[in-house]
Amino acid sequence: MAVSSDYGAFMEKFILPPLPTTSPAQLPLNRLTFAVKDIFDMDGYVSGFGNPDWLKTHSAATSTAPAVLAMLNAGATCIGRTAMDEMAYSINGENIHYGTPLNPCAPDRVPGGSSSGSAVAVSAELADFSLGTDTGGSVRVPGSYCGIFGFRPSHGIVSTEGVIPMAQSFDTVGWFSRDPGTLNHVGKILLGLPNEKLVHPNKVLIAEDCFKLLSIPTTRVTKVVATSIEKLFGGDILQSVNLGDIIESKVPSLKHFMQNDNTENKEFSIKSLVALSTSMRLLQRFEFKKNHGEWVTTVKPNLGPGISERVFDALNTSEQDIGPFDSIKTQLQEALSSLLGENGIIVFPTVPGPPPKLQTETTSLETFRARAFSLLSIAGVSGFCQVTIPLGKYEDLPVSVSMLAKHGSDGFLLNLVETLYDTLREQVCIAEKVNY
């Protein structure tokens, strides 16, 4: 366990001031500090990608990633580069080479990855916000585990130039904050959005089947959300849905990945989402191999447990394994767009429960990981935007919920969360006094 003044969050600390301007006070991120995952190019620094062999075999960047420059241009000060999982290939946050950043919200639990240090830096109040990346869940998961906000934007909306790729079909630049206002301000800069008034949601869909995957009482989350929505926007926009059934009927190409699914325990498995997750992870492996297979086979890096197995699986992936992914993605986008309409959101758990304990055996994590990726694959495959919202604690462990909106509705979702959060927090206080 990493125990230090910086919670083990940083690979390297330094001060990179905002770019000079005549009116710094007018900049939207003036006086805010931020940290950057060790996957972004920064002029004069080597991106370590979570692995010492990568660090040794790569040279310093000669330019800075546009996402980082945008923060500096907006008046924020960078305070360092943060720890991450090796090659961005885990959602746990443990790193055998550099140690595991300490989760300020649950010190005996993992912080979540792969943007572990970025989440910990914000949760521990070492930085006002931070940048990470989310391919399979690497902002949403550590955001949930560390009790903070995490935003995965619509795929392709925020530039990934100057970011080491993991799997381009899913890679996004995401960000963390402790409050929804900062989350929104950072988002406006990265997304290039003007300040707009809140557009009221006309449909809030509670994915009941997804909440059955949750290991804590579902009412601890659903009642908080439903009551808050009703107070602000009226109860008539609330609907319950079985998301898995909708996806199964509207995404016929998933049958390619459902034929060999022998899952019997339906309480802990949603067949269509398991298939969705399978398709996502196969394409991720194939793209990872195209990006880094040659380096891995040439350098033969020392990789930690879990990571080495995943990298090995990736190197043995062929194009034939991918199957009808393009048609799955298109059908899923059409199905969710039709379901959401113009200004709808879907509410579901970010992850199936609290963060696992540190150094949990890989085999023991498999069921949890499978259920997590079932949930994470919804935004992953569709490319829609998703926000992780902290909802206090249950039995002294962090609780979160996610909201998903259609592709390009990032500003709408950010505004909604900022407007809704005070009411959510009131309902959380009530929920924490009641034995749900």
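Figure 1. The unreviewed UniProt entry carries the annotation "domain: Amidase" for residues 26-179, where UniProt positions are given in the numbering used here, feature names are shortened, and annotations may be inferred rather than shown by experiment. The end C-alpha atoms of residues 26-179 lie 21 Å apart, and the span is 18% helix and 18% strand; helices (H or I, at least four residues) and strands (E, at least two) are DSSP runs, numbered from the N terminus. The model is predicted, so that local features need pLDDT of at least 70 and side-chain atom pairs count only at pLDDT 80 or more, whereas totals for chains, interfaces and linings use all residues. Residues are numbered from 1 along each chain as its sequence is written, and side-chain values use heavy atoms, with hydrogens and water left out.

**Figure 2. Confidence along the chain.** The mean pLDDT (the predictor's confidence in each residue, from 0 to 100) of the protein is 94, and 96% of its residues reach 70 or more. Confidence is lowest in helix α9 (residues 255-258), at a mean of 88, and highest in strand β5 (residues 149-152), at 99. Over residues 263-267 pLDDT stays under 50, and the model has four contacts for these residues beyond four places in sequence, contact meaning heavy atoms within 4.5 Å. Where pLDDT is low, the predicted coordinates should not be read in detail.

**Figure 3. Helix α10 packed against helix α12.** Helix α10 (residues 271-299) and helix α12 (residues 325-340) pack at an angle of about 130 degrees, with their axes 11 Å apart; axes are lines fitted to C-alpha atoms, for helices over the stretch in contact, and angles run from 0 to 180 degrees between N-to-C directions. The two helices, α10 and α12, are therefore oblique to each other, given that angles under 35 degrees count as roughly parallel, over 145 as roughly antiparallel, 65 to 115 as roughly perpendicular and the rest as oblique. Leu276, Ser279, Met280 and Leu283 of α10 make the contact with Phe325, Ile328 and Leu332 of α12. By class, this contact of α10 with α12 has six nonpolar, one polar and no charged residues, where Ala, Val, Leu, Ile, Met, Phe, Trp, Tyr, Cys and Pro count as nonpolar, Asp, Glu, Lys and Arg as charged, and the others, Gly among them, as polar.

**Figure 4. Helix α10 crossing helix α11.** The axes of α10 and helix α11 (residues 307-315) come within 8 Å and cross at roughly 105 degrees, and α10 and α11 are therefore roughly perpendicular to each other. On the α10 side, Arg285, Phe288, Lys289, Gly293, Val296 and Thr297 meet Val311, Asp313, Ala314 and Leu315 in α11, and the residues of this contact divide into five nonpolar, two polar and three charged.

**Figure 5. Surroundings of histidine 155.** Histidine 155 lies in the loop between β5 and β6 (172-177). Leaving aside neighbours within four places in sequence, histidine 155 is in contact with Gln168, Ser169, Phe170, Asp171, Thr172, Gly383 and His407.

**Figure 6. Backbone geometry in two loops.** A cis peptide bond, with omega about 5 degrees, joins glycine 113 and serine 114, and serine 114 is found in the loop between β3 (77-82) and α3 (116-123). Arginine 31, in the loop between β1 (10-16) and β2 (33-37), has a phi near 75 degrees, a positive value in a residue other than glycine. Most residues other than glycine have a negative phi, and most peptide bonds are trans.
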